[in-house]
Amino acid sequence: MSALRRLYLKLRLIAAELMKFGAVGAFGVVVNIVVFNLCLHSLKLQTVRSGVIATIVAIATNYVGNRYWTYRNCDKNRRTREITLFLLFSGIGLVIENGILALSHYGFGFTSTLADNVAKNVVGLGLGTLFRFWSYRTWVFRALPARDAVDEAERMLTENGGKRPYVGRRP
């Protein structure tokens, strides 16, 4: 197989991974926003406390989606290590996300509902998501060895007559 073909297959796998990660993340964002505003307005909790609770609920939701859909074909031999690293990097993402919220709300005095949602769910969540994608991909959900990944991509292409396989399809 040519180097160009391997590069093409690798880029397709990364694109599919990114789309799945994005779909799981989009659902997590909805959970995060709903829980944040529910805690803030219905339960009348403090701003950062509401943010932390919302982030924790979204983290749990995202773990299930990423483990059983986005990264379902990744190494599952060391589940304790995976969960520990997932919680560690999610915790760092939580600090990034809610640190931005705390800085905006308490540091800069932007205390409106709109300002809190923009700080937490746009700026903080955006930065936290970039960090999480990099860390999950690099450290948590370890990829199969490169040769196995290429073989898997070739098998999927062969089964589909050279057409791009459906992203959600089980191998």
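**Entry 1: α2 against α4.** I started with this pair, keeping in mind that the model is predicted. I get an angle of about 35° between α2 and α4, with the axes 12 Å apart. I checked the hand too, and α2 crosses α4 in a right-handed way. On the α2 side the contact uses Thr-47, Gly-51, Ala-54, Thr-55 and Asn-66, and on the α4 side Asp-116, Lys-120, Arg-132 and Tyr-136. Sorted by class, I have 2 nonpolar, 4 polar and 3 charged residues in the contact of α2 with α4.

**Entry 2: stepping back to the whole chain.** I count 5 helices and 0 strands in the protein chain, so the order from the N terminus reads α-α-α-α-α. The chain has 171 residues, and 38% of them count as buried. Its accessible surface comes to about 9,700 Å², and carbon and sulfur atoms hold 70% of that. I also looked up the contacts between residues at least 6 apart in sequence: 73% of them join residues at least 24 apart.

**Entry 3: α2 against α3.** Next I took the pair α2 (residues 47–70) and α3. The angle is about 145° here, and the axes are 9 Å apart. I noted a right-handed crossing for α2 and α3. Among the α2 residues are Thr-47, Val-48, Gly-51, Ile-59 and Tyr-63, and among their α3 partners are Phe-86, Leu-94, Leu-101, Ala-102 and Tyr-106. By class, the contact of α2 with α3 splits into 12 nonpolar, 7 polar and 4 charged residues.

**Entry 4: α3 against α4.** How do α3 and α4 pack? I find an angle of about 155° between α3 (residues 79–107) and α4, with the axes 8 Å apart. Angles over 145 degrees count as roughly antiparallel, and therefore α3 and α4 get that label. The crossing of α3 and α4 is right-handed. For the contact of α3 with α4 I wrote down 17 nonpolar, 8 polar and 6 charged residues.

**Entry 5: Phe-21.** Now for single residues. Phe-21 is in helix α1. Is Phe-21 buried or exposed? Its relative accessibility is 8%, and the cut-off for buried is under 20%, so Phe-21 counts as buried. Leaving out residues up to four places away in sequence, I see Phe-21 touching Asn-66, Thr-70, Tyr-71, Thr-129, Arg-132, Phe-133 and Tyr-136. I also looked up a C-alpha separation: Phe-21 and Asn-62 are 41 residues apart along the chain, with 9.0 Å between those atoms.

**Entry 6: Thr-129.** Thr-129 turned up among the contacts of Phe-21, and I followed it. Thr-129 sits in helix α4, residues 113–140. With a relative accessible area of 32%, Thr-129 is partly exposed. From Thr-129 to Leu-94 I get 9.7 Å, C-alpha to C-alpha, across 35 residues of sequence. Leu-94 is one of the α3 residues that I listed for the contact with α2.

**Entry 7: Ala-102.** Ala-102 is in helix α3. Its relative accessible area is 25%, which makes Ala-102 partly exposed. Which residues does Ala-102 contact, leaving aside its neighbours within four places in sequence? I find Val-48 and Gly-107. The C-alpha atoms of Ala-102 and Thr-47 are 8.0 Å apart, and the two residues are 55 apart along the chain.

**Entry 8: Lys-44.** Last stop is a backbone angle. Most residues other than glycine have a negative phi. Lys-44 has a positive value, with phi near 55°. Where is Lys-44 found? I located Lys-44 in the loop between α1 (3–42) and α2. The relative accessibility of Lys-44 is 65%, and the cut-off for exposed is over 50%, so Lys-44 counts as exposed.

Methods: Residues numbered from 1 in each chain as written. Predicted model: local features only at pLDDT ≥ 70, side-chain atom pairs only at ≥ 80, totals over all residues. Heavy atoms only, no water. Helix = DSSP H or I, 4+ residues; strand = E, 2+ residues; numbered from the N terminus. Buried < 20%, exposed > 50% of the residue type's maximum accessible area, 1.4 Å probe, protein only. Contact = heavy atoms within 4.5 Å. Areas by Shrake-Rupley, 256 points an atom, 1.4 Å probe, with all protein chains shown as cover. Axes fitted to C-alpha atoms, helices over the stretch in contact; angles between N-to-C directions. Parallel < 35°, antiparallel > 145°, perpendicular 65-115°, else oblique. Left-handed = near helix turned anticlockwise from the far one by under 90°. Nonpolar A, V, L, I, M, F, W, Y, C, P; charged D, E, K, R; others polar.
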